[in-house]
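Good morning, colleagues. I shall speak about a few of the helices.

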Amino acid sequence: LFALSAAAVSRSMDALERDVWALPGHLLRGLLPLLTVFHLERAEDAARRAGLSTQPIWRKLWDDVMKTRPPNSESITCWRKKFLETFFSNVLHGVLDVSSDWRLNDRHFSPLLHSSPHVSQLTLCNMLQGAVELTAKHNHKVLENLAVSLRILKFQHLLSCDQSIRRSLVLLLHRLIHHGSVSQVSMYSWPVPDTVLLVLILSMSAGFWRSGNALSYHGSTCGLCREEDKAQSQESAQEGAEGGCNAEGEGSGGENQKSAPEEAHAHMNSVLSGPRNAACEETSSEVPCDHTSIPGGSSPRSNSEQLSCRPIPRKTGRRLKPAVGRKRRCLRRSRGRYADPEDLYDFVFTVAREDNSGLLDKTRTTEGQNTENWTSSSPESPCTGHAGCKKRGGPAGIFSLKAAHRFRSVSTLELFSIPLTGETCRTLSNLLSSWVSLENLVLSYNGLDANISCILSGLRALSRHPECRLRVLRVSDIFSHMPCMELVRCVLSSLPQLHTLSVSFDLKNQLEGNRPEGNPSCSEAEIPESCLEVLEIRFPREPLHTAFLLPVLKASKSLQQLSLDSATLPCPQELGLLLEVLKEYTPDLKKLSFHDVNLAEHQKEVLLLLQDPGLQEITFSFCRLFESSTGEFLSKIINTAKRNSSLKSLKLPGNRLGNHRLVALADIFSEDSSSSLCQLDVSSNCIKPDGLLEFTKKLEGHIQQRGGQIPFTHLRLFQNWLDQDAEMAQEALRRLKAVCSVVNDSWDSSQAFADYISVM
């Protein structure tokens, strides 16, 4: 084999593969670089048994084939998975020719089929060509592999597409979400979203869809759904026969079986059915609205359960037979409905015409408990007919679930840079109201403005559900519809079960009086004791009033991480007051971060924070710490850090440290120091190569004095002036990397300065 050319090795491997895997390790080590991707993949077990790693070979494959440096390459733990996952995406989108490298050109190697088991995240772009390819008949096995391996599905830069492409998308989502393992759906950069396509993705991510002839796979209905239907029919027939023995006590089994899908459909229809019951929709100028809670719902399950689907039965006052009340995989499908392909997407944009005025405000559960299901006439709804929730003509985006079924749904939804209209917000709000499997929701730059109240209405309905799993909420946008602290209080009063809340806005809304009419002020909302552990607030240059933050901190006794960004301090005493409140009400606080907050005149408070024995990570990012300070302040910072044995991470990016202050910081690790500091971030601090080299030499001296051991392990150096003397910078970095892990970049300081001048 070693005498053969690399291309001939592949042909010889077909006959000798079993014997090759039995080679001694030293021979196998020389053979591995000569294998194609197909045989290298099959050699993994043999290499592992021989104590060999294939990681360097996969890394070289990446460099030779991809010819790019992957982002965050330092954090990549498995180059095999990274290569095959990226390879799959590039082949799918037609940007990689497998004939370009002999290692890819193997007659046994099917690019999509053999790489698909390694794909955990996939991005579909533009006209969704990837969805069409994956649902093609010849890629059936590829899709089956993805249903097991894929966890994250992303959509980016989508464009409007025709109905045949959307049908392919329906098949893809149904297989990967409803009968697969996808747990996260993310959408990015869609400046003018197609409402039908957007709502289609959202609704299927939430687990809503209908089957029947319209949901077909190469001419037949979904095989998994057919199998479930068959199993359910057999179970229903068996239980119906058993129920005949108890007909006098509980009614006939046939009647109960018939009523089950009707009741489930009626209950689902009460959530998104139409103008009279649509959430966040004004039925009159004086009547507020809210959501109808849906008992049950879909939730993420283990791999052994990933193909199961659950119905959402409507709870009624009378006792139901087990055939009706039990949890089943899927509701019975309506075979005859929507057979015409032209009707496939009526689900998305038609408004149900049924009169829902007969819906009960209260239904009695089968256990005898009362569950309040608020309809559009509920007087206690927080969502009134304000600008963000008022119906503005047209039913686009509001759809009926009368013919829908509830399947498995995702646990994470992310929407980045996708404008959401009032209609789309109402649809999303309706979906959120019963999305009990949802654990993480990210809404970033969606132009919500007043529609944020509509979204909160849906989340408020969701929080009342006993199976609600929502733990992370992140909202960011350009304009804030209400002051940040008011929004924070409103969210926490509605969702006390949140563990992470992030609120971020760039600018204040110029219309300060633009509030939802008829709602009590969120600033007056009472906050129950919450489970909040992480709170991040980015103020649009708003003043930070501790009095407004106080109720939040009082209710968040489990808070471990607090980040305050772009806030202004209205008076010199404000920061000191904040520290007192934090000390009293947040005993578990471990991480505190200030970004773009002017702390130049708050040296005393900065030193108090560095002394805090409870804090393990402190960040002063672009806080102008040394703008009006003297060398004495720097000495106090160093001495305080030396005495604090609990502080593990100190981040000081953007504070104009310069060379001399960086060199002085090395004394934190001197022989008389009791510091446990592991991580230091000095990014964007005007550090030059000579200063970095001097810092390195001083650090080496302290290490020698302490017997070769210090706790320092990580140094971040992004965006410093190291390009001014490349040779000296490389020398400093080489010596530093012998001491700790260094993360830096190839930043062009001259160009950055020119850019800064150009926008002044």
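Let us begin with helix H17, residues 422-432, in this predicted model. Eleven of its eleven residues are buried, so H17 is largely enclosed by the rest of the structure. Buried here means under 20% relative accessible area. The buried residues of H17 include the charged Glu423 and Arg426. Also buried in H17 are Gly422, Thr424, Cys425, Thr427, Leu428, Ser429, Asn430, Leu431 and Leu432.

I turn next to helix H6, residues 79-92. From its first C-alpha to its last, this helix of 14 residues reaches 20 Å, close to the 20 Å expected at 1.5 Å a residue. Eleven of the 14 residues of H6 are buried, so this helix too is largely enclosed by the rest of the structure. Just after H6, Gly94 takes a positive phi of about 70°.

My last topic is a pair of helices. Two packed helices are described by the angle between their axes and the distance between the axes. How do the axes of H20 and H21 cross, and within what distance do they come? The axes of H20, residues 546-555, and H21, residues 574-585, come within 10 Å and cross at roughly 10°. Angles under 35 degrees count as roughly parallel, and H20 and H21 are therefore roughly parallel to each other. H20 contributes Thr546, Ala547, Leu549, Leu550, Leu553 and Lys554 to the contact, while H21 contributes Glu574, Leu577, Leu578, Val581, Leu582 and Tyr585. By class, this contact has nine nonpolar, one polar and two charged residues.

How values were computed
Residues numbered from 1 in each chain as written. Predicted model: local features only at pLDDT ≥ 70, side-chain atom pairs only at ≥ 80, totals over all residues. Heavy atoms only, no water. Axes fitted to C-alpha atoms, helices over the stretch in contact; angles between N-to-C directions. Helix = DSSP H or I, 4+ residues; strand = E, 2+ residues; numbered from the N terminus. Parallel < 35°, antiparallel > 145°, perpendicular 65-115°, else oblique. Contact = heavy atoms within 4.5 Å. Buried < 20%, exposed > 50% of the residue type's maximum accessible area, 1.4 Å probe, protein only. Expected span 1.5 Å × (residues − 1).
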